[in-house]
Amino acid sequence: MPAAKSQRVAERKRQLKRPIRSKAKTFVRKARLSIDSGDAEAAEAATMQAIVALDKAAQKGAIHKRNAARRKSRLMRRLNAS
């Protein structure tokens, strides 16, 4: 069990990062749905929003920078394939 203070700090950080991660996941989900729908313009716009959200999440430490890069790469691959 971690010390009480480190446990409090970890919980506080978790609470701060949670909405950032959630927002990034939501934008990625919307981008994937719009890519699958076939509307190229909407898909591109949604993908750009998702990329911005992933970059911000990585910058703020909510997700690792390589995790963000991997997700962006997968999104772009999916967009370009459609």
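**View 1. Helix H1 packs against helix H3.** The axes of helix H1 (residues 4–37) and helix H3 (residues 65–81) come within 10 Å and cross at roughly 15°. That makes H1 roughly parallel to H3, a term for angles under 35 degrees, while angles over 145 are roughly antiparallel, 65 to 115 roughly perpendicular and the rest oblique. This is a predicted model, in which local features need pLDDT of at least 70 and side-chain atom pairs count only at pLDDT 80 or more, while totals for chains, interfaces and linings use all residues. Residues are numbered from 1 along each chain as its sequence is written, and side-chain values use heavy atoms, with hydrogens and water left out. Helices (H or I, at least four residues) are DSSP runs, numbered from the N terminus. An axis is a line fitted to C-alpha atoms, for helices over the stretch in contact, and angles run from 0 to 180 degrees between N-to-C directions. The crossing of H1 and H3 is left-handed: the near helix is turned anticlockwise from the far one by less than a right angle. On the H1 side, the contact uses Lys25, Val28, Ala31, Arg32, Ile35 and Asp36. They meet Arg71, Leu75, Arg78 and Leu79 in H3. Contact here means heavy atoms within 4.5 Å. By class, this contact of H1 with H3 has five nonpolar, no polar and five charged residues. Nonpolar covers Ala, Val, Leu, Ile, Met, Phe, Trp, Tyr, Cys and Pro; charged covers Asp, Glu, Lys and Arg; the others, Gly among them, are polar.

**View 2. Helix H1 packs against helix H2.** H1 and H2 pack at an angle of about 160°. Their axes are 8 Å apart. H1 and H2 are therefore roughly antiparallel to each other. Their crossing is left-handed. From H1 come Ile20, Ala24, Phe27, Val28, Lys30, Ala31, Ser34 and Ile35. From H2 come Ala42, Ala43, Ala46, Thr47, Gln49, Ala50, Ala53, Leu54 and Ala57. The contact of H1 with H2 has 13 nonpolar, three polar and one charged residues.

**View 3. Ser34 sits in helix H1**. Ser34 counts as buried because its relative accessibility is 12%. Buried means under 20% relative accessible area, exposed over 50%, and partly exposed in between (1.4 Å probe, protein chains only). The Ser34 side chain reaches the backbone oxygen of Ala31 at 3.0 Å. Leaving out residues up to four places away in sequence, Ser34 touches Asp39, Ala42, Ala43 and Ala46.

**View 4. Helix H2 packs against helix H3.** Here the angle between H2 and H3 is about 175°, and the axes are 9 Å apart. H2 and H3 are therefore roughly antiparallel to each other. H2 contributes Ala43, Glu44, Thr47, Met48, Ala50, Ile51, Leu54, Asp55 and Ala58. H3 contributes Lys65, Ala68, Arg71, Lys72, Leu75, Met76 and Leu79. The residues of this contact of H2 with H3 divide into ten nonpolar, one polar and five charged.

**View 5. Thr47 is placed in helix H2**. Thr47 is buried, with a relative accessible area of 0%. A polar atom of the Thr47 side chain lies 2.7 Å from the backbone oxygen of Ala43. Not counting residues up to four places away in sequence, Thr47 touches Ala31, Ile35, Leu75, Met76 and Leu79.

**View 6. Ala58 lies in helix H2**. Ala58 is partly exposed, with a relative accessible area of 21%. Not counting residues up to four places away in sequence, Ala58 touches Ile63, His64, Lys65 and Ala68. Ala58 and Ala24 are 34 residues apart along the chain, and their C-alpha atoms are separated by 9.8 Å.

**View 7. Ala62 is in the loop between helix H2 (40–59) and H3**. Ala62 is buried, with a relative accessible area of 9%. Its contacts, not counting residues up to four places away in sequence, are Lys17, Ile20, Arg21 and Ala57. Ala62 and Ala45 are 17 residues apart in sequence and 23 Å apart in space, C-alpha to C-alpha.

**View 8. Ala69 is found in helix H3**. Ala69 counts as partly exposed, at 38% relative accessibility.

How values were computed. Helices (H or I, at least four residues) and strands (E, at least two) are DSSP runs, numbered from the N terminus. A polar contact is a pair of N or O atoms within 3.5 Å; within protein, one must be able to donate a hydrogen and the other to accept it, and residues adjacent in sequence count only if both atoms are side-chain atoms.
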